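User: I want to check the labels on this model, one by one. Give me the value, then the cut-off, then the conclusion.

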Amino acid sequence: MHYATTLDALHASIGVDKLTPEEKHDDVAMVNTIADKLAELTRPASSLLSFLVQADAVLGIAEVSRRTRRSQSEISRTMEELDRLGYAYLEREPDEDDPRGALKLYDHDSFDGWPFWDDLRRFLDEHPDHIARVIVDLEFNLLD
């Protein structure tokens, strides 16, 4: 794991440039706490989470299965882990597009109100190859 130390690249990409040293310290501490929490995930779970963050859409389990080349039962089991740890959940309400449900990220309150996934997505729009490196490989230093 590589922790963030400054978050300068992330802050620049989201247009945050006037932080006090204390605010900057607090942001770095929060991001490194997120890194520690992500380290608890198994590799299949962090990989699926990375896919969901990058997709930035509500996707049905059948579509995710096709796009990730994982079985629907494997995705369902992995979503149980993501749900238990508060990252994403499988909404079981069937609809006409996907009778098995949809995969959704939890809202932002799991990061003390910081819309971290949105900000990370904005940063990764400029660096699309970094998403798995940050979420799966825990290279949070890429945000510096």
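Analyst: Start with a cut-off for accessibility. Buried means under 20% relative accessible area, exposed means over 50%, and partly exposed lies in between. One caution: the model is predicted.

User: Why is Val 16 called partly exposed?

Analyst: Val 16 has a relative accessible area of 29%. That value falls between 20% and 50%, so the label is partly exposed. Val 16 sits in the loop between H1 and H2. Its C-alpha is 13 Å from that of Val 28, 12 residues away in sequence.

User: What makes Asn 32 buried?

Analyst: Its relative accessible area is 14%. The cut-off is under 20%, so Asn 32 counts as buried. Asn 32 belongs to helix H2. Leaving out residues up to four places away in sequence, Asn 32 touches Tyr 3 and Ala 4.

User: Which label does Thr 68 get, buried or partly exposed?

Analyst: Partly exposed, because its relative accessible area is 22%. Buried would need a value under 20%. Thr 68 is in helix H4, residues 61-68.

User: How do you know that Thr 68 touches Phe 51?

Analyst: Contact is judged on heavy atoms, within 4.5 Å. By that rule Thr 68 touches Phe 51 and Ile 75, with residues up to four places away in sequence not counted. The C-alpha atoms of Thr 68 and Phe 51 are 8.3 Å apart.

User: What makes E1 and E3 a strand pair?

Analyst: The rule asks for at least two bridges between the strands. E1 (residues 59-60) and E3 (residues 102-105) have 2, so they pair. They run antiparallel. Leu 59 has Leu 103 in E3 as its bridge partner.

User: How many bridges join E2 to E3?

Analyst: There are 4 bridges between E2 (residues 88-91) and E3. At least two are needed, so these strands pair as well. Their direction is antiparallel. Leu 90 also has Leu 103 in E3 as its bridge partner.

User: Which residues of helix H6 are buried?

Analyst: H6 covers residues 116-126. Its buried residues are Phe 116, Trp 117, Asp 119, Leu 120, Arg 121, Phe 123 and Leu 124. Their cover includes helices H1, H2, H3 and H7, and strand E3.

User: Why do Arg 121 and Asp 118 count as a salt bridge?

Analyst: Their side chains come to 2.8 Å, N to O. The limit is 4 Å, between a side-chain nitrogen of Lys or Arg and a carboxyl oxygen of Asp or Glu, so the pair qualifies. Both belong to H6, 3 residues apart, which means about one helical turn between them. Arg 121 is buried, at 11% relative accessible area. Asp 118 is partly exposed, at 33%. A network of salt bridges links Asp 56, Asp 118 and Arg 121.

User: What makes Asp 119 and Arg 122 a salt bridge?

Analyst: Their closest N and O atoms are 4.0 Å apart. The rule says within 4 Å, so the pair is counted. These two also lie 3 residues apart in H6, separated by about one helical turn. Asp 119 is buried at 10%, while Arg 122 is partly exposed at 40%.

User: How do you know that Arg 133 and Glu 139 form a salt bridge?

Analyst: The closest N and O atoms are 2.9 Å apart. Arg 133 is partly exposed, with 31% relative accessible area. Glu 139 has 17%, under the 20% cut-off, so Glu 139 is buried. In total the rule gives 8 salt bridges.

User: What lies around the largest pocket?

Analyst: The largest pocket holds about 190 Å³ of space. Its lining has 13 residues, and the closest to the centre are Asp 56, Ala 57, Lys 104, Leu 105 and Arg 121. E3 and H6 are the elements that give two or more residues to the lining.

User: How many of the lining residues are charged?

Analyst: The lining has 5 charged residues, with 7 nonpolar and 1 polar. Charged covers Asp, Glu, Lys and Arg. Asp 56, Lys 104 and Arg 121 are among the lining residues, so they fall in the charged class.

Key. Residues numbered from 1 in each chain as written. Predicted model: local features only at pLDDT ≥ 70, side-chain atom pairs only at ≥ 80, totals over all residues. Heavy atoms only, no water. Buried < 20%, exposed > 50% of the residue type's maximum accessible area, 1.4 Å probe, protein only. 1 Å grid on protein atoms, 1.4 Å probe; cavity = no way out; pocket = protein on both sides within 12 Å on 5 of 7 lines; lining within 4 Å. Points joined across faces, edges and corners; volume = space filled by probe spheres on them.
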